[in-house]
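The sequence and the structure are shown first, and the description follows.

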Amino acid sequence: MRRILDRHNVIVCTGSGGVGKTTIAAALGLVAARAGRKVLVLTVDPARRLAAALGLQQGGGVIDVPLGSSGTLHAEMIQPDTIFEDYIRRVTADEQKARRILDNKLYQQLATTLSGSQEFTSLLRLSEAVNGGAYDLVVLDTPPTEHAAEFLEAPERLASLFDGRVARWLGSNPDQSGVLGGLVRRGTHAALSILQLLTGKEFIAELTGFFDGVRTIAGDIRESSLAAHQLLTGAGTAFVLVSSLDAAKILEAEDFRNALRDSGYRLAAVIVNRAHPEWFRADQDEIAAGLHMADADKLGEMHVAMRRYYSRRGRAHAAFSRLQGHKTAVVKIAELDDEPTGLDGLERLGRLLQTSGRRGNVANPPDAGGN
Amino acid sequence: MAKPEGPQPEILFVTGKGGVGKSVVAAALALRAAAAGRKTLLVEFGRQSFYERLLGLAPGSKTYPGQPDLQLERWEEDACLREYVGHYLPLQRAADFFLDNKIIRALVRAAPTLKELALIGKATGPHRLRWARSDRDLIVIDAFSTGHFLALLRAPRGIHEAIPAGPVGRQTGTILEVLNDPRKCRFVIVTLAQELPVSEALELHAAIAAETGQAARIVCNRLQPQLPEAEISHLAAAPESSPATAFAAHLRAVQIQQMQWLKKLRRVDKNTLQLPQLFIDKGDALIAALARETGPL
């Protein structure tokens, strides 16, 4: 893991919800900072105690995480709505034009849920931070999605909405009589009539207003998307997939790896988080013998069941390793007894991430793969 | 738009933080209801079926293995939208023509609120639309995890407030009526007895209450089994630490933490349903075993 952190200036942490992505992103940032790099961690929705540990606040901008002895770690909570708003103000360069978009009721409803807008604004912020040149490494914690691959599709999905042609069709044309007037191609004309029939003229009026505003910034959105894409496919950028050990997640990891490869991105590591409890790292035969000696029969039974269960999951992990190519490190992390929500916890997690990396492979418990 | 007559199914939305076992719990709740004689439908969202993978079923399977009263469906946003549009246009061809138009496609693709409306519109359909009647007693929906679920839940109100008039305003108005009515629709939050899942569950509970006025039920999943206290004390008293004492100390620490988090959950739902962690890794066996642990909600 250290090598990956040393050799890149952008790390993108991806993974579906609930795998501990934000915590891993913060721990990776901490490891790199301890190694002497100037690091910025960009996160979207940190859990409260993690935010507290890093000193993060909504709208607080970049903050310095006090590390004591060595390293510089900065962190920022991305705020999609204000970044998008700032972006619109910047590219319209005209308060009146900006207001036309920002005051639109549909925009206000869509701004936070607009598909891809969180991802798009994350990438905007990432580009800014990288181009600003103030950091050696920027770690991006991607917005939560049901599936890891959604992150990759999102900017393009947003760009397609802001496509100039869409805005031309859906915006009103000053030379013609409203959205559905004029010499539009017959197919689209008919489709838009149906849209009005289904949604009503009130909806169409808001939609028209929205696209009138959007038309002016469509080009900028496309350009920004393209620049972000170039940054992500560049040699300085590595993707890390955070996952867990169940069958569904392993299939998802496979889908994600394919999606990455198809789009020309580099998957540098898969981090299998909370793979097993901490006690499972000890010698399991010794635990069994100790319980037997103490006549702890019921505990012994529990241990047998748990041990068998986590061993089977260990084999699922072996399948995981096979699915990765040689260029991708697979790192397995134990579930810590205390959730790593404070700086101490992040340090511990960071150490685990490093030890796994140094061995180049995973330290399996003695009986993993057995019964 | 005449409303359907006669009894209509209860709708149960199951949500929670990602990774807490939401889908498995949703299936267990559905299986339990079906075993008790209620005609049940288990719904999952999305392009890929989780249950088919988990249960090793053939693609497109309609019935839960071994339980004829439990049907399975996967709702995909585009298909829901197509179905909805199809009911208001005279010909399916017209609906296809409309939805396949490039401009409309770009709009639908990027404006998720439309897709979310299509999903939640379908979920609440049996109570609102005559053509969407259902023969089920219960519909259990394995819905999205927290953030996405709230976007789904908030979509109808957001749109309704932005555009109260016209067909869109009317449809969203009736969706809201169903969501706010505990006789028609209820919410279940699945969580674990751990810090992050609990704090997210409590926030979600408050958000659902703010949005619908409903108190969601809480299911606390994967609780460590009851420990043999005498054996634990005996081991703890051992003079030297060993892997075995460390193992026992770990289980006890987990148990103490669990009790703390459960207490917090009980403050918002005093009947929080407690489900044990089962060390079973085969999907169907796990769901069946969990269903046996599930009381009626």
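## Terms and model

Helices and strands are DSSP runs numbered from the N terminus, a helix having at least four residues and a strand at least two. In these terms, Gln255(B) lies in α11, the helix formed by residues 243–268 of chain B. The model described here is a predicted one.

## Chain A in outline

Chain A contains 16 helices and eight strands. It has 371 residues, of which 55% count as buried. Among its contacts with a separation of 6 or more, 77% are between residues 24 or more positions apart. The accessible surface of the chain is about 15800 Å², and carbon and sulfur atoms contribute 48% of that area.

## The sheet of chain B

Chain B has an open sheet of eight strands with mixed pairing, in the order β3-β4-β2-β5-β1-β6-β7-β8. Its edges are formed by β3 (63–64) and β8 (273–276); each has a single partner strand, so one side of each is left without a neighbour in the sheet.

## Strand β1 of chain B

Which strands of chain B pair with β1? One partner is β5, residues 138–142, which pairs with β1(B) in the parallel sense over five bridges. In that pairing, Val14(B) has Asp142(B) as its bridge partner. Another partner is β6, residues 185–192, which runs parallel to β1(B) and is joined to it by six bridges. Here Phe13(B) has Phe187(B) as its bridge partner.

Residues 10–16 make up β1(B), and seven of the seven are buried, so the strand is largely enclosed by the rest of the structure. Glu10(B), Leu12(B), Val14(B) and Gly16(B) point one way from the strand, whereas Ile11(B), Phe13(B) and Thr15(B) point the other way. The residues of both groups are buried.

In helix α4, residues 92–100 of chain B, the buried residues are Ala95(B), Phe98(B) and Leu99(B). These residues cover an arc of only 90 degrees around the axis, and therefore lie on the same side of α4(B). In an α-helix there are 3.6 residues a turn, so residues three or four places apart point the same way.

Leaving aside residues up to four places away in sequence, Gln255(B) touches Gln224(B), Gln226(B), Leu227(B) and Glu229(B). Between Gln255(B) and Cys80(B) there are 175 residues of separation in sequence and 44 Å in space, C-alpha to C-alpha.

## Cysteines

How many disulfides does the structure hold over all chains? The number is zero. Cys80(B) is accordingly in no disulfide, and the nearest cysteine sulfur, that of Cys185(B), is 16 Å away. A disulfide requires the two sulfur atoms to be within 2.5 Å.

Cys80(B) counts as buried because its relative accessibility is 5%. Cys220(B) also counts as buried, with a relative accessibility of 0%.

## Positive phi values

Arg274(A) is not a glycine, yet its phi is positive, near 50 degrees. It is placed in the loop between β7 (267–272) and α14 (284–293) of chain A. With a relative accessible area of 32%, Arg274(A) is partly exposed.

In chain B, Arg222(B) has a positive phi of about 55 degrees although it is not a glycine. Arg222(B) is located in strand β7 of chain B. Its relative accessible area is 36%, so Arg222(B) is partly exposed.

Methods: Residues numbered from 1 in each chain as written. Chains lettered and ligands numbered in written order. Predicted model: local features only at pLDDT ≥ 70, side-chain atom pairs only at ≥ 80, totals over all residues. Heavy atoms only, no water. Buried < 20%, exposed > 50% of the residue type's maximum accessible area, 1.4 Å probe, protein only. Pairing = 2+ DSSP bridges. Contact = heavy atoms within 4.5 Å. Areas by Shrake-Rupley, 256 points an atom, 1.4 Å probe, with all protein chains shown as cover. Arc of directions from axis to C-beta.
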